[in-house]
Amino acid sequence: MENKTCKLKDKCGACQLLHLTYPKTIEYKKKYVIDSFKNEGINVIIDKVIDAKSPYQYRNKMIIAFQNHKGKVISGFYEENSHKIIDLDNCIMHSDIQNKIANFIKKLIIDFHVSIYDEDRRTGLLRYVLIREAVHTKEVLITFVLSDDIFPSSKEIIRRITNEFKEVKAVIQNVNNRKTSIVLGDKEKVLYGRPYIEDELMGLKFKITSKSFYQVNPIQVEYLYKEAINSIKCKGDETVIDAYSGIGTIGLILSKNVGKVISVEQNRQAYLAAIQNAKDNNIRNVYFENDDATKFIKELENESIDYVIMDPPRTGSTPQFLNSVLKLSPRGVVYVSCDPQTLARDVKVLLKSYKIEHISIVDMFCFTKHIESVVVLNKK
Ligand code: SAH
């Protein structure tokens, strides 16, 4: 397979491995995982690699920044380590519809003379446009991030967008007037349609708002979740902890196979979305906690837990969390990780009482350096 050409190569910096063929990127990732464990003194083999059938156009979320450069509107992604925007008309990691909508909006912004925000002077209106696509239902959400409440010509702009793209089911105005590199502000209002779009994932429905955390590769994420969920041997009465649960996806998908799931997530918005997702899918055996996973699991030390699934951020888990897992002594631990180095560091602690049963890599972030893997550990 020939690599697709990227016009932004070496500038945007998001796809660090585009100079390699796709199979070579997989080799790189495999070696990286093996070496990360080796650095901790652990020899591993990778049992399975799930590469992407199509390693392009996989991203379901596009954030386009706007700038005025010598009177010309520029829109696209930031250059690596800079505040300069690369003018973009097509990114090969996003779908055709996302690219088309991005170009269409840019033209409308120019035609309707919408002023562009200037970071230094703090003048102008438009900062970013966020496009989210639910690939299974084909619904699209667009968020205009503005520096002010007032959006001149918005009615006509939205009419044109929704006439052209029937997939657009939600248009949101987000106000962010702070001097910050965080994209979204707190205040939002619906300009068109619903405040969310809905996606389907492994038979369940999930609502996606402009702020929801949702895995960026909706095709590969199903393989990832299957790797995690199928490794749990279920009779139907098990109690499982889903730690670092985000909007509850893993626990909710697993819930029909087990007796009870206890989910813990620190981010309040994600926690509230998880509760809503359980309601929307009529799931009653998942219990949600809005807490720090380390603090919460310590309180559970006397409970009887059959499995722990953990999916921490890149920084990994904490020694205290891992010690609580050792005390809880579940039959198995499933560690879903987006950073092999912290994964190896944490697994080393668990090897006191557990052995590695299976390691798989699921290529979620194709052509980037990011590596998603799943380690299944069983009690010795
Ligand atoms: N399992 C989810 C989310 C994984 S991302 C999914 O597949 O979508 C990691 C999550 O851990 C994020 O939602 C983040 O908010 C949460 N998190 C980070 N630190 C945490 C902590 N100390 N305690 C609990 N959750 C935490």
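This is a predicted model: local features need pLDDT of at least 70, side-chain atom pairs count only at pLDDT 80 or more; totals for chains, interfaces and linings use all residues.
Visitor: How many helices and strands are in the chain?
Guide: The chain has nine helices and 17 strands. Both are DSSP runs numbered from the N terminus, with helices (H or I) of at least four residues and strands (E) of at least two.

Visitor: And how compact is the chain?
Guide: Its radius of gyration is 22 Å, close to the 21 Å that the globule rule gives for 380 residues, so the chain is as compact as a globular protein of that length. That radius is taken over C-alpha atoms, and the rule is 2.2 Å times the number of residues to the power 0.38. Along its principal axes, the C-alpha trace spans about 65 × 45 × 35 Å.

Visitor: Okay, what share of the residues counts as buried?
Guide: Of the 380 residues, 53% do. Buried means under 20% relative accessible area, exposed means over 50%, and partly exposed is in between (1.4 Å probe, protein chains only).

Visitor: What about charges, how far apart are the mean positions?
Guide: The 57 positive and 48 negative charges have mean positions 1 Å apart. Lys and Arg count as positive, Asp and Glu as negative, while His and the chain ends are not counted. Each charge is placed at NZ of Lys, CZ of Arg, CG of Asp or CD of Glu.

Visitor: Is Cys 366 buried or exposed?
Guide: Cys 366 counts as buried, at 0% relative accessibility.

Visitor: Where is Asp 363?
Guide: Asp 363 sits in the loop between strand E16 (354–362) and strand E17 (372–379). Asp 363 is buried, with a relative accessible area of 1%.

Visitor: What is Asp 363 in contact with?
Guide: Leaving aside neighbours within four places in sequence, its contacts include Tyr 22, Lys 29, Asp 51 and Asn 217. Contact means heavy atoms within 4.5 Å.

Visitor: What about Ile 359, buried or exposed?
Guide: Ile 359 is buried, with a relative accessible area of 1%, and it lies in strand E16. Apart from neighbours within four places in sequence, Ile 359 is in contact with residues including Phe 37, Val 44, Asp 47 and Val 375.

Visitor: And over the whole chain, what share of contacts joins residues at least 24 apart?
Guide: Among contacts between residues at least 6 apart in sequence, 67% do.

Visitor: Which strand holds Lys 207?
Guide: Lys 207 is in strand E10 and is buried, with a relative accessible area of 19%. Its C-alpha atom is separated by 7.1 Å from that of Asn 277, which is 70 residues away along the chain. Not counting residues up to four places away in sequence, Lys 207 touches Asn 277 and Asp 280, among others.

Visitor: What is the phi of Ser 153?
Guide: Phi of Ser 153 is near 65°, a positive value in a residue other than glycine. Ser 153 lies in the loop between strand E6 (139–146) and helix H3 (154–164), and is partly exposed with a relative accessible area of 33%.

Visitor: What about the phi of Met 202?
Guide: Met 202 has a positive phi of about 50°, although it is not a glycine. Met 202 is in the loop between strand E9 (197–201) and strand E10 (204–208).

Methods: Residues are numbered from 1 along each chain as its sequence is written. Side-chain values use heavy atoms; hydrogens and water are left out.
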